[in-house]
Amino acid sequence: MMRDLLAGTGLSAWVLPALLTWPVVGAALVLLLAVPRADDADGADGADVISGGRDTTADTIRTPRVLATAVLIGEAVLALGLWTIFDPTAATWQARFDLPWIPAWGARISLGVDGLSLVMVMLTALLMPVAVIGSWRSVRERPASYYALLLALTTGIMGVFVARDLLFFYLCWELVLIPMYFMIGISGTGERSAASLQYFIVATLGSLLMLAAIVALWSAAGQHGFDIDQTIAAARGAMSFSEQRWLFLGFFAALAIKSAYFPLHSWLPAAQRSAPTSAAVALGIKVGTYGMIRFALPLFPAAALDPTLRITIIGVAVAGILYGALVASVQPDLRRLASYASVSHLGFVVLGIFALTAESLQGAMLVMLSHGISLGALFVLAGILEDRTGTSALDRFGGLARTLPVFAVAMVVVALSALGLPGTNGFVGEFLVLLGAFRNFPGLTLIATVGVILAAVYLLGALQRVLFTARREPSAEVPDGESRTMRVADLDARELTALAAFTVAIVWLGVAPAPVLRRMEGPVRRIVDQVQSGAMPRAVTAALAPSRPRPLVP
Amino acid sequence: MNGTLTGFSTAALLPDLVVGVGALLLLLWSAARRDDDIDASRGAALGVVGVCAAALVAVVLLATGRVVPAPVPGIATDGFRWGIDAVILVGAALSALLAGDDARGRGMAQPEAFALVLLSVSGMLLLAAARDLILVFLGIELMSIPVYVLAGINRRSARSAEAALKYFLLGAFSTAFLLYGVALIYGATGATDVDAIAQAVAGAPGALPPVVLWLGIGAVMVGLGFKVGAVPFHMWTPDVYEGAPTPYTAFMAAGVKAAAFAAFARVLVEGMGGEVERWHPMLWWIAVVTMFGGNLVALTQRSVKRMLAYSSIAHAGYLLVAIVSNSALGSSALVFYLAAYTFATVGAFAVVQALGGTPEGDAIERWNGLFRVRPQLAVAMAVFMLALLGFPIAGGMGFFAKWYVLQAALAPVAPQLPQSRIAILLVLASVISAGYYLNIVARMFMRGRDADAPPVAPAPAWTRVVIGTCAVVLLVLGVYPTPAVQAAQSAALRPAMRTRGNRTVSAPSTAVSHLARGIRDSSVAVLP
């Protein structure tokens, strides 16, 4: 009924472009309305930084924040509309939008969602407003530019998920990078400049390799265009195995770096340490692994099925699960713990993707979802502690269960979901990954299972230190540590709203994941089929590969 | 209105004539100004803009076929020329606006300088048109000699004089190489006309003394390599860029480079395309060394102008990659890249000027916290830096420029010359360049203003116009590049090629080249 009503408005024709343009419009509004008229440009330093008059400061922070929240809620409403009109039984692209862009190269602004994109779009659209509401007070420096950039970032992330054109995908992919760079660099804390630079340079290295691969792929596919389905079909016969492998590695470099695949992860803890809370949450939306499923697998099936490459990728992923978990268990800081937990979770995602069964791919998608939710919630919790005490170091807290009961409940729920307790979202995904991967890679899957146990170790350890251990004596170097902990107030209404939303998502996905799974099933099967049908026996590929004369140029 | 002019005998040189006449008129006008009239510079700058605009109209009329020129031997009338002309004229007009503000700011009345700008522009236009090595030489000289003077135009600055002298000495040295190369090529092929050379190269493989031809190509490459600032012929670039007044640095970085690259592409791709195996390895290495040399040294610079100088060297390397690909696609990429590079680099130098540099004052520390005092300048500079880096959206057109060059680089030159390595090297060099471009961005946005930093005066009006224009053009064409791509596609050269076994030249289809082939003997006779 609701569906017919929305379909009657022609929603499917404009909802995707609206999802992309609405946040940009919002960003422009935030900048226009919130920046105080800086006529006195020479003295503009204090314009939106805290200094002096309390009232003006509150105003300059509040306006962009409220506006950005409103825009993000609008985005979420649009996404809910998309969810409503989406036909869960069809495995094809829906709500398609197509516009010529650069005819000379065949590039089009071509958008569409299938079940996989839909799920990620929903995650982004719902997570971003909750993250902003849950970290209401965490951005103090330059709030107008911060929230404008956050909105631009939302467009970039959405674009990655709905792009059907490789060139447009690449533009959105890089659009994620720029706002994040400035958000960390301008509004972050600590070593923000170094952290943002590291993030940018490492990500650019990967992105440019992917760009070169896209150019080569476009040439190999006949230079007709960048449509993903046509490129998959056209590139299949046009490339030798060795070409496929090189181009696959170009894509994989970018995607793996952006998703903080061990051992390319070191930028992530640095960035999430320095980033304001909502930016750290946004970093947990895994555009990289989505790109692996959407692009790297179906475009380069022979490379993805190559036993050597596959076992290497999966082996390193499993190593990453254990490494992330072990390093997380010795982190002295809640944020860094969450970052390494993220590295560990990412290992499960990659394991699920390259195990290449329908179950494991669905599991990988679910882990991406619940990773965004659970670790996002963990960052919000860390941010709440930081807002109150200026730190999220674990040993600065203790016995919070008594002083902050509501906070404690929320943290327990979040930690349990992050460690994959049955009945929470974390369990379903990891279970499906392990189930699906066990068929193809039993040994590595068993090792990966250890990661689940280690997750319990580090998360329960953190819970115990923060919530239940008796409060520490004030240490000599931080004489007021004790009193600061005591003065802390429990959750306010906004934080409570955000964490309640997280809890609902955690329980809902844990108890009834069927609506999500059903929507992903068709596309997942299609991708598995595409990859399996593109397999080339090695002997044949060796014969097919043209033997080239040695180049003159080294 | 919609009638086309045909057979108009001087039409092929219309833009050049407009600029040349404009230069002479401007010279007369400036002779009539009083020495203490400090507004004369701005008037003259407006004159340059007007002349460039008029010439641009002529270029557009010619490029769109409204005016069909009668063929002139040795003068190209192809899309490549119109594309390069447009880039040169826009770059010159923007630099002239900067120079107007600059001269006024220094309280010097130098309207003559603007006549020199126009004279140099006419040399650049000649270079873009030249299909004859003698004309290339004339174009280089006509372009360079006024620029030597412009580099030293700030007569109160010793560094400016030093820059002028260095540029002059090394420029003369490189011209000698070029001339020597022209002579050797003439000796080997009996021609100075590009088509005649292409035919000679393709037609009679056994008859040519290969060493002489090889030496000739090498010497021409050295001569042009100096002009575009390719490693290892780049030594003059940082000193000259740093010492020259900033507007003329922008003029050199944009216009001189575009014109020299046009000649480079024409001689190598159109003339020697059939001999690609002979020059390809050498140019391949020059391109690689230039990309890495420029970027690595730029990382270590403490002066923003020097950093931009090394960055321009690195960009010469990327542009050489487009030439190395020896294809129509490569020449389209060259034009597109030069357009994007012109807007980005002129914009960047405009911001440098807006910051008000004393000669030793463009230290990188002065950029700290710029966002807090001059947010618009900082945002514009970030756009220019990201455009030079080749980053999409925020860097606008710069991304598509890099995309275009990559596209050209990945197309195989010849079956035996695979190109994928140079594409990967280009990518890696670009990653290195992120180190210094982002250094500026990070300083502007992520640091506080130093306590002892000098105040930044509001930029003069024209400088603001230049900065705004460059940023807006880059951003708009970064989202919707289609018009620029179409223009670049029509600005392709036709490389001389050999078919397998049987060597033939692909027939150039412009009226001029047909004629030029017909009168090859007479054009050869130009030389003695």
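**Entry 1: Ala129(B)**

I looked up what Ala129(B) touches in this predicted model. Leaving out residues up to four places away in sequence, I found Ile75(B), Ala76(B) and Arg81(B). Ala129(B) belongs to helix α4 of chain B, which covers residues 111–129.

Is Ala129(B) buried or exposed? I counted 30 other C-beta atoms within 10 Å. The cut-off for buried is 20 or more, so Ala129(B) is buried.

I also checked Ala129(B) against Asp78(B). In sequence they are 51 residues apart. In space their C-alpha atoms are 8.6 Å apart.

**Entry 2: helix α3 of chain B**

Next I turned to α3(B), residues 79–105.

I then asked how many residues of α3(B) are buried. The count is 25 of the 27, so the helix is largely enclosed by the rest of the structure. Just after α3(B), I noted Gly107(B). Gly107(B) has a positive phi of about 70°.

**Entry 3: two helices of chain A**

I moved to chain A and took up a helix pair. Two packed helices are described by the angle between their axes and the distance between the axes. Here the pair is α4(A), residues 115–134, and α5(A), residues 143–162. Their axes come within 9 Å and cross at roughly 170°. Angles over 145 degrees count as roughly antiparallel, so I put α4(A) and α5(A) in that class. The crossing is left-handed.

Which residues make the contact? From α4(A) I listed Ser117(A), Met120(A), Val121(A), Thr124(A) and Met128(A). From α5(A) I listed Thr154(A), Ile157(A), Met158(A), Phe161(A) and Val162(A). I sorted them by class: seven nonpolar, three polar and no charged residues.

An α-helix has 3.6 residues a turn, so residues three or four places apart point the same way.

**Entry 4: where chains A and B meet**

Last, I looked at the contact between the chains. Chain B gives 34 residues and chain A gives 33. Which elements of chain B give two or more residues to the side that touches chain A? I found α11 (276–299), α14 (370–373), α16 (397–410), α17 (420–446) and α19 (482–489). The largest share comes from α17(B), with 11 residues.

Notes: Residues numbered from 1 in each chain as written. Chains lettered and ligands numbered in written order. Predicted model: local features only at pLDDT ≥ 70, side-chain atom pairs only at ≥ 80, totals over all residues. Helix = DSSP H or I, 4+ residues; strand = E, 2+ residues; numbered from the N terminus. Buried ≥ 20, exposed ≤ 12 C-beta atoms within 10 Å, placed from the backbone. Contact = placed C-beta atoms within 7 Å. Expected span 1.5 Å × (residues − 1). Axes fitted to C-alpha atoms, helices over the stretch in contact; angles between N-to-C directions. Parallel < 35°, antiparallel > 145°, perpendicular 65-115°, else oblique. Left-handed = near helix turned anticlockwise from the far one by under 90°. Nonpolar A, V, L, I, M, F, W, Y, C, P; charged D, E, K, R; others polar.
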